[in-house]
Amino acid sequence: MEYFILKQDQRLMNTAQPQRVSQLLPQELLLPERHNALVGMNLYFTVQKGGLMEPADYIQHPLPLMSDAMKKLLTIWEPAIRSYPVTLNDTERIEHKLYWLMLPPSVHALTEETSFYPDGSLKRLILNAQQLEEYSVCQLAGIRERIILVNLGLAESILRRDYDGICLERIETSV
């Protein structure tokens, strides 16, 4: 099976950029064992000011945020995926947009061939396809970066729809 990294399209210049996320939402709450603390939280972030915002169905940083349409598709493919509503507020244009903080299951699927830079960041990623077989969408565990993976079927489903701001990068796998 082939797998792809879900990425935000960097060609969109003016996508929403939530501000003060680390102050309002501690990183500890994003750990799988702490997800229950997010239930019922009012996640409300102001976006960076300036210019007309281009619509994006996926915002990669600082959190994996997805549009309502994208959330519906991912929920079809992975019904157990955890999602939490997030409101992005543009105070300049007096506009609010609903996004979803998507926290797919974390999976350890690195092979021994995966290599890292001395600072611990990822240099070359090679996945163990057997570890990922049961997941349509998951988050890669055991690395510093936040990487969301989708399988070939879900990647094709994403590409068949009219989503904005999404890129898929094929990843090397070994069996």
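Strands here are DSSP runs of type E with at least two residues, and helices are DSSP runs of type H or I with at least four residues, each numbered from the N terminus. Gln 139 is found in one of these strands, S11. The model is a predicted one, in which local features need pLDDT of at least 70 and side-chain atom pairs count only at pLDDT 80 or more, while totals for chains, interfaces and linings use all residues. Residues are numbered from 1 along each chain as its sequence is written, and side-chain values use heavy atoms, with hydrogens and water left out.

**The sheet and its pairing**

- Six strands form an open sheet of mixed pairing in the order S7-S11-S12-S1-S13-S10, where two strands pair if DSSP finds at least two bridges between them.
- The edge strands of this sheet are S7 (106-107) and S10, each of which pairs on one side only.
- S7 runs parallel to S11 and is joined to it by two bridges, with Val 107 having Leu 140 as its bridge partner in S11.
- Strand S11 (residues 137-140) pairs with S12 in the antiparallel sense over three bridges, and within this pairing Gln 139 stands opposite Ile 148.
- S1 and S12 run antiparallel and are joined by three bridges, Asn 151 in S12 being the bridge partner of Tyr 3.
- On its pairing with S13 (residues 166-174), strand S1 (residues 3-8) is antiparallel over six bridges, and Leu 6 has Leu 168 as its bridge partner there.
- Strand S10 (residues 126-128) runs parallel to S13, to which three bridges join it, and Ile 126 has Glu 172 as its bridge partner in S13.

**Buried positions in the strands**

- In a regular strand the side chains alternate between the two faces of the sheet.
- Strand S12 (residues 148-151) is covered on both faces, since Ile 148 and Val 150 on one side and Leu 149 and Asn 151 on the other are all buried, where buried means under 20% relative accessible area, exposed over 50% and partly exposed in between, with a 1.4 Å probe and protein chains only.
- Ile 5, which lies in strand S1, counts as buried because its relative accessibility is 8%.
- Leaving aside neighbours within four places in sequence, Ile 5 is in contact (heavy atoms within 4.5 Å) with Leu 125, Ile 147, Ile 148, Leu 149, Cys 167, Leu 168, Glu 169 and Ile 171.
- The C-alpha atoms of Ile 5 and Ile 171 are separated by 7.0 Å, although these residues are 166 residues apart along the chain.
- Gln 139 is also buried, with a relative accessible area of 13%, and, not counting residues up to four places away in sequence, Gln 139 touches Pro 104, Pro 105, Ser 106, Val 107, Arg 146, Ile 147 and Ile 148.

**Helix packing**

- Helix H2 (residues 68-77) and helix H4 (residues 152-159) pack at an angle of about 150°, with their axes 11 Å apart; axes are lines fitted to C-alpha atoms, for helices over the stretch in contact, and angles run from 0 to 180 degrees between N-to-C directions.
- That angle makes H2 roughly antiparallel to H4, a term for angles over 145 degrees, whereas those under 35 count as roughly parallel, 65 to 115 as roughly perpendicular and the rest as oblique.
- Met 70, Leu 73, Leu 74 and Trp 77 in H2 meet Gly 153, Leu 154, Ser 157 and Ile 158 in H4.

**A cis peptide bond**

- His 61 and Pro 62 are joined by a cis peptide bond, with omega about 0°, and Pro 62 is found in the loop between strand S3 (58-59) and strand S4 (65-66).
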